[in-house]
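User: Got a model here I'd like to talk through. Can you take me over the folds, chain by chain?

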Amino acid sequence: MSGSLSITSAMADPALLDLPWDVPLEAWPNDTIAALPKGISRHLVRFAHLGGHVAAIKETTAEMAKGEYEMLRTLQRLEIPCVDPIAVITNRTDAEGEELKPVLVTRHLRFSLPYRALFSQTLRPDTATRLVDALAVLLVRLHIVGFFWGDVSLSNTLFRRDAGAFAAYLVDAETGKLYEGGLSNGQRENDLEIARVNIAGELLDLEAGGRVADELDPVRISDGIVTAYRSLWAELTGAESFASAERWRINERVNRLNELGFDIEELAIRTDDAGTTVRIQPKVVDAGHHQRRLLRLTGLDAGENQARRLLNDLDSYRAAYGKESLDEEMVAHEWLMRVFEPVVRAIPVELRGKLEPAEVFHQLLDHRWFLAQRAGHDIPLAEAVTSYINTVLRHRRDEATIIDPPTGAITTAIPTIDTAAVAVVDPDDEGDWRLKV
Amino acid sequence: MASVTFDKATRLYPGGTRPAVDQLDLEVADGEFLVLVGPSGCGKSTSLRMLAGLEEVNDGNIFIGDRNVTDVPPKDRDIAMVFQNYALYPHMTVAENMGFALKIQGVAKDERAARVLEAAKLLDLEPYLNRKPKALSGGQRQRVAMGRAIVRQPQVFLMDEPLSNLDAKLRVQTRTQIASLQRRLGVTTVYVTHDQTEALTMGDRIAVLKDGILQQVGTPRDLYEQPQNVFVAGFIGSPAMNLFHADLADGGIKFGTAVVPIERDVIDHATGSAVTVGVRPEDIQVSTTQGEGLAVTVDLVEELGADGYLYGHSEIEGKRTDIVARVDGRTHPFAGDTVYLTPAPHHVHVFDAESGERLGHRVVAG
């Protein structure tokens, strides 16, 4: 290996030095490469074991690798859900001293899935809609911080299960740019149009490969991002006016945003000269309303919808045991010890790579509800856990490290195309799993 | 197809002290290939994004044809950002890849097929229409991506540094392909680059920007031979034009021990007793025998085969000034030599020392 290899990394993971940087990525030996399915990509992307993690390694130009590394770090600072940048490696040379391409190394997000891995045989309209809705939320969050993506697509996104919905994570920031003064309407509209066309293209591609359900209309689903984006954007940023007697509408707006998972950090309130009309407009909003509350009460880090679900269970626990008068933190601690942790501990070690604990808990609640419906009475937690593990969880695939590189434009023409899609079974898409229990 | 007009278009970023683009007046003719060029931060990309509808226009207007598009959303402007994030889909044929955006727009099937076929012919992709992208070469895939823009039949193509991520060889190839394709299609094109060589080789006309202000617009030859100010003179051309301070003398300007005669009306327009003189490296005569002219110490000679470039320095008014001159590739001086330089007749550019503006037209010397 060349002595002049240059690694830029905030984490300084020594395991980085063990990877064969003096070999072109396409020729990396199998013992290094994580055996994971490939997709299409604008640059060559492969996955490798790095320490205890899986890392995505992308060969690109030095300038682009550095740009994307910095951009991902900035997005992380802005609390945007995105992949974790690990390092930029330049000055690579092979044994003959020939120059090799610089690479960007990112860490694979555990339990995140490429959209192509979210269905087994065919993609159903409701799954597609949930994916598009998750992407719309991500796009709104990016636009709020002033990030123009420039290549919005399902392929440039990873998805994590989030209590019946999905949470979207940005994977490819190569085309993105951050505007400190915020985005113009034209920039937002352009991203939205790019999203609409790319999603349609991706779904039409699945259709051409016979992988979408008959009733799925790619064009209609792709139009859905426009609607979902616009309504969320309006709710998060729109101004509303009302008579000053109707001040309860301020609380109502705050509650609505909380319900959508956002906190208002700054709200502009103006009254007219006569003091008869009030105009309010959120100025700074923060995603993660339920996540923060759950974290504060229990120390658990979960997806937004998972957090909502867990908090609901916590609230009903509080009500069911008549503990409303007790300190919220104390009850939360008790719930954690008596309800949540016993469930997580009950999962056999070999099944822990299937789903995240919070997702398991969400599914368990659904399962318990279903059992109760069928039996006509409440089911004890322990019984529900056993039933869930044996009839549901055991039959799922491991989702901790299912990977597919991002699909992108083909401007620099080094695509690796592998049409063998990930054939995995997702009970969510095989009809309602409850019917099979 | 249509012309493009910037009418005193201005973009001031929130909190900015000066406009990123300041009162841009620019007309791009129907079918023309116009290159916006300038250093980083000059406002070229902002201008393009204003035309695309991505940047707000704070003052002035933008027209595509006769239509004022200043407040029209990007997707309704009938423009195409070429090479922007065009993915190719593996299960779709080349024809489907090229035509699917029309399908989303609701264009009828026959019309789609006709447009795809037409674009494929232009791009030499007709034999591949039924293939999957996997079976194409890198260059063919790039053409399919262009095809996606072409089938939409936009009024204007916009390209923002499309070659910046390619390696040097592919950049030169693609440069030629884009320029020739644009000429075959005849679609009005606005192309942004920071690379003056790209600008000179591709554009019908070039607009040079600096600090948000249009410096000059003209054909590559206009800009090379008649730069309107010191900035354009120094920016266009590689190696760059030699620019130095020179005192006025009776009937001309001092060039070392020589006096280069300059027309009276040019000198009369100068504001002070000195001017900025510009001479391109190929317009310098190099003599190794002591004589009249500027004495220059040779630092390095870069050999390029038939000719070479001499890099040297001289003392002008007590200040070290670097100078580049083109020399014969076989019989050139060497590092350490002292040579005497004089400008070739008819090729001296004179600029006002204060404003930097060009004085007169081409100046006859010698």
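Analyst: Terms first: helices (H or I, at least four residues) and strands (E, at least two) are DSSP runs, numbered from the N terminus. This is a predicted model, where local features need pLDDT of at least 70, side-chain atom pairs count only at pLDDT 80 or more, and totals for chains, interfaces and linings use all residues. Residues are numbered from 1 along each chain as its sequence is written, with chains lettered from A and ligands numbered from 1 in the order in which they are written.

User: OK. How many helices and strands in chain A?

Analyst: Chain A has 10 helices and 15 strands.

User: And what share of chain A is buried?

Analyst: Of its 437 residues, 41% are buried. Buried means 20 or more other C-beta atoms within 10 Å of the residue's own; exposed means 12 or fewer, and partly exposed is in between, with C-beta atoms placed from the backbone.

User: Which strand order does the open sheet in chain A have?

Analyst: The order is 1-4-7-3-2, so 5 strands, with antiparallel pairing; two strands pair if DSSP finds at least two bridges between them. Strand 1 (6-8) and strand 2 (45-50) of chain A are the edges, each pairing on one side only. From one strand to the next, the twist averages 25°. Axes are lines fitted to C-alpha atoms, for helices over the stretch in contact, and angles run from 0 to 180 degrees between N-to-C directions.

User: What packs on that sheet?

Analyst: Helix 1 (residues 62-77) of chain A, touching strand 4 and strand 7 (103-107). Its direction makes about 155° with that of strand 4.

User: How many bridges link strand 1 and strand 4 of chain A?

Analyst: 3 bridges, antiparallel, with strand 4 covering residues 84-90. A:Ser6 stands opposite A:Thr90 there.

User: Switching to chain B. Where are the domains?

Analyst: Domain 1 is 4-226 and domain 2 is 241-352. The bounds come from an automatic or database domain assignment. Over C-alpha atoms, their centres are 40 Å apart.

User: Which strands pair with strand 16 of chain B?

Analyst: Strand 19 (residues 338-343) pairs antiparallel with strand 16 (residues 294-303) over 4 bridges, and B:Ala295 stands opposite B:Tyr340. Strand 17 (residues 307-316) also pairs antiparallel with strand 16, over 6 bridges. There, B:Thr297 has B:His313 as its bridge partner.

User: And what sits between strand 16 and strand 17 of chain B?

Analyst: A hairpin turn with 3 residues between the strands. B:Gly305 in that turn has a positive phi of about 95°.

Terms used: Two residues are in contact if their C-beta atoms, placed from the backbone, lie within 7 Å.
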